[in-house]
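Visitor: I would like a close look at one helix and its partner. Please start there, then carry on to the other parts that deserve attention.

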Amino acid sequence: MTRATKTALLGLGAVGLLGGALALGVSAQADKLAPGLRVGGVNVGGLSPDAALAAVRGQAQAQAQAPQVEVKAGGKSWTLSAEKLGYQVDPQASLDAARKLSDARPWSERALGVLGQSKVQDVPLVTKVDPTVAQATIGKLTAGLATQPVNATVGFDPGTRRYAVLTPDTPGRKANAQAAAKGFAADPTKRVLNVPMTEWPARYTAAALAKHAELGNRLMRGVTFKLEGSNRSGSLAPLQVANLYWVKPEGIVLDDKTIKGAFESLSYQLDQPAQNARYAWRGGVWGKVGEKPGRVTDPKKGLEAFRKGLLDPARTTITFPSVQQQPTLKLADLPNPAKLELIASGTSTYYGSSSERRTNIANAAGKIDGTVVAAGEDFSFLQALGSISPENGFVGGLIISGGRTVDGLGGGVCQVSTTAFRALYQAGLPIVERNQHSYRVKYYEPQVGFEAAVYDPGVDLKMKNDTGAPILVRSVNNDAASRLEIQIWGTKPQRTVSVSPAVILSRTPHPAPQYVFNPKLPAGTSKQVDWAQDGYNLYITRTIKDAQGTRTDRVDTRYKPWQAVYEYGPRLN
């Protein structure tokens, strides 16, 4: 028999010899931790739970120095005390671990503990991490790493003249402090915390916007427009169509204002308005011209068809629904020209006009000559004139466009609209629409400010016939004398009208000349293409006296200061 066996037998023997006394001792230790147990090096064997907890707490305070932890995120790192991350010793959990070992010991081991022969076991201190504290600290450390997503942009590229994604998108990034805190709480022994970076996409990605751009380019096609029941047609080029909508991050967005303007312009081209009965001066006497019904665009259905057709890239022809328009003045309604009275007249001169300008003046004057306006209706200069187009007899001439005096179709038509305005205004007719020129024009002198500009389409001269009877517009053009007269005939109303000279409120000197290189000019030459004019702020007034009393109205005009422009060719070597 070995010595160890003998010792064990002696021990068992001793237990047996002690009998009831030993059992009583073991029973007395039942509420205390088993002898030989240590927690973090502190002997808690034989102590009550409260005493053991106090001892463990004391040891935890003695070992209060928390370890250092390195936090890594987004290429940066921070080293700090684990305590700032919610790290702490848990005395109760440490003691609970010791109690489990104590409770697991068999009666025989407890008996040996009473005899001073207990087995020594050291339970390490249990640590824990408060994830809320850890997340808050990590969040503060990594706050500077957060970036918001950047949306891609889409629009029209003037270089390629195509819609395209202009700038890419960038996802948002931020440190996932919550995940790192949970990981540390699950394993407080970690001394390096790698904080994962979370990404989330931009609201508008380049991939999504590329689809919008592709649709925008498909919509950018030439479109022909027709009027139902008519052989008239008009068209818009691809870039003109592209101007009717936006390609935005949310998709294709129609430009309502531009669409309305384009629709009105197209309708003006396509419509065949009813023609009222009128007079024509033939062989020195007035002859009657009968009325004609017309066909015009249905404004509501036409605009709806326009919008719908634009959004279908397969549609290259859009037909506007139409309605028949009846004339408002019939042949039988025309007054006897022999009984008409001269109500008022307006005059202007156009000395120095080019042959093209003279051609347009004569053509426009002839077009409105003989126009009859029924009582209560508006005189529309553009409607009486018809389109300003080569098909209607107009040629190129100088016009005001885009802040410059340039060659354009119909230069000189405003000479006629200005003269018509002077006649209608002096007849006392109310103004419905009147537009001024951008700068002071020499042809309308010396009656400065007493003028009216027109432009086809959209810029009209309109005056309401309030005389109570039809009026006749008569044009008398004397090209040899460079003089135009517009007369208004009808039943002369019982009123007197006086128009004042212009009252100039302020004057702004014209700017210095502008010199523009023109490679098409011969070397060493130059020419003047625009002429300087001072700016003016002025007004004219009209006083009307009739049975209702005396009233005065006012027409304001603001002329921009206009600079002279000279073009020059290449320099001589």
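**Helix H7 and its surroundings**

Guide: Helices H6 and H7 pack with their axes 8 Å apart, at an angle of about 135 degrees. This is a predicted model. An angle over 145 degrees would count as roughly antiparallel. H6 and H7 are therefore oblique to each other. The crossing of H6 past H7 is right-handed. On the H6 side, the contact is made by Pro131, Ala134, Gln135, Ile138 and Gly139. H7 brings Ala177, Gln178, Ala180, Ala181 and Ala185. By class, that gives seven nonpolar residues, three polar ones and no charged ones.

Now take H7 by itself. The helix covers residues 177-186. Which of its residues are buried? They are Ala177, Ala180, Ala181 and Phe184. Viewed down the axis of H7, these buried residues fall within an arc of 100 degrees, so they line one face of the helix. Lys182 and Ala186 sit on the other side of H7, and they are exposed.

What do the buried residues of H7 pack against? Helix H6 (131-142) is one of the partners. The others are strands: S3 (68-73), S5 (87-89), S7 (127-129), S10 (172-175) and S11 (192-194). Ala177, Ala180 and Ala181 are among the buried residues of H7, and they also belong to the contact with H6.

Step back for the setting. The protein has 573 residues, and 39% of them are buried. It holds 14 helices and 37 strands. Take the contacts with a separation of 6 or more: residues 24 or more positions apart account for 72% of them.

H10 runs over residues 256-270 and H11 over residues 299-310. Their axes lie 11 Å apart, and the packing angle is about 120 degrees. Angles of 65 to 115 degrees count as roughly perpendicular. At about 120 degrees, H10 is oblique to H11. This crossing, too, is right-handed. From H10, the contact takes Asp256, Ile259, Ala262, Phe263 and Leu266. From H11 come Pro299, Gly302, Leu303, Phe306, Arg307 and Leu310. By class, the contact has eight nonpolar, one polar and two charged residues.

H12 spans residues 355-368, and H14 spans residues 413-426. They pack at an angle of about 45 degrees, with axes 7 Å apart. Roughly parallel would need an angle under 35 degrees. H12 is thus oblique to H14. Arg357, Ile361, Ala364, Ala365 and Ile368 of H12 meet Val413, Gln415 and Val416 of H14. By class, the contact has six nonpolar residues, one polar and one charged.

Is Thr419 buried or exposed? Its relative accessible area is 0%, so Thr419 is buried. What does Thr419 touch, leaving aside residues up to four places away in sequence? The list is Gly346, Thr347, Ser348, Leu484, Glu485 and Ile486. Ala365 is 54 residues from Thr419 in sequence, and their C-alpha atoms are 9.8 Å apart in space. Ala365 itself is one of the H12 residues that meet H14.

Last, the backbone. Two residues other than glycine have positive phi values: Arg161, at about 55 degrees, and Ser482, near 55 degrees. Where are they found? Arg161 is in the loop between strand S8 (153-157) and strand S9 (162-167). Ser482 is in the loop between strand S29 (471-478) and strand S30 (483-490). Their accessibility sets them apart. Arg161 has a relative accessibility of 51%, so it counts as exposed. Ser482 has 4%, so it counts as buried.

Glu445 and Pro446 are joined by a cis peptide bond, with omega about 0 degrees. Pro446 sits in the loop between strand S27 (431-433) and strand S28 (462-464).

Key
Residues are numbered from 1 along each chain as its sequence is written. This is a predicted model: local features need pLDDT of at least 70, side-chain atom pairs count only at pLDDT 80 or more; totals for chains, interfaces and linings use all residues. Side-chain values use heavy atoms; hydrogens and water are left out. Buried means under 20% relative accessible area, exposed over 50%, partly exposed in between (1.4 Å probe, protein chains only). Helices (H or I, at least four residues) and strands (E, at least two) are DSSP runs, numbered from the N terminus. The arc is that of the directions from the helix axis to the C-beta atoms. Contact means heavy atoms within 4.5 Å. Axes are lines fitted to C-alpha atoms, for helices over the stretch in contact, and angles run from 0 to 180 degrees between N-to-C directions. A crossing is left-handed if the near helix is turned anticlockwise from the far one by less than a right angle, and right-handed if clockwise. Ala, Val, Leu, Ile, Met, Phe, Trp, Tyr, Cys and Pro count as nonpolar, Asp, Glu, Lys and Arg as charged, and the others, Gly among them, as polar.
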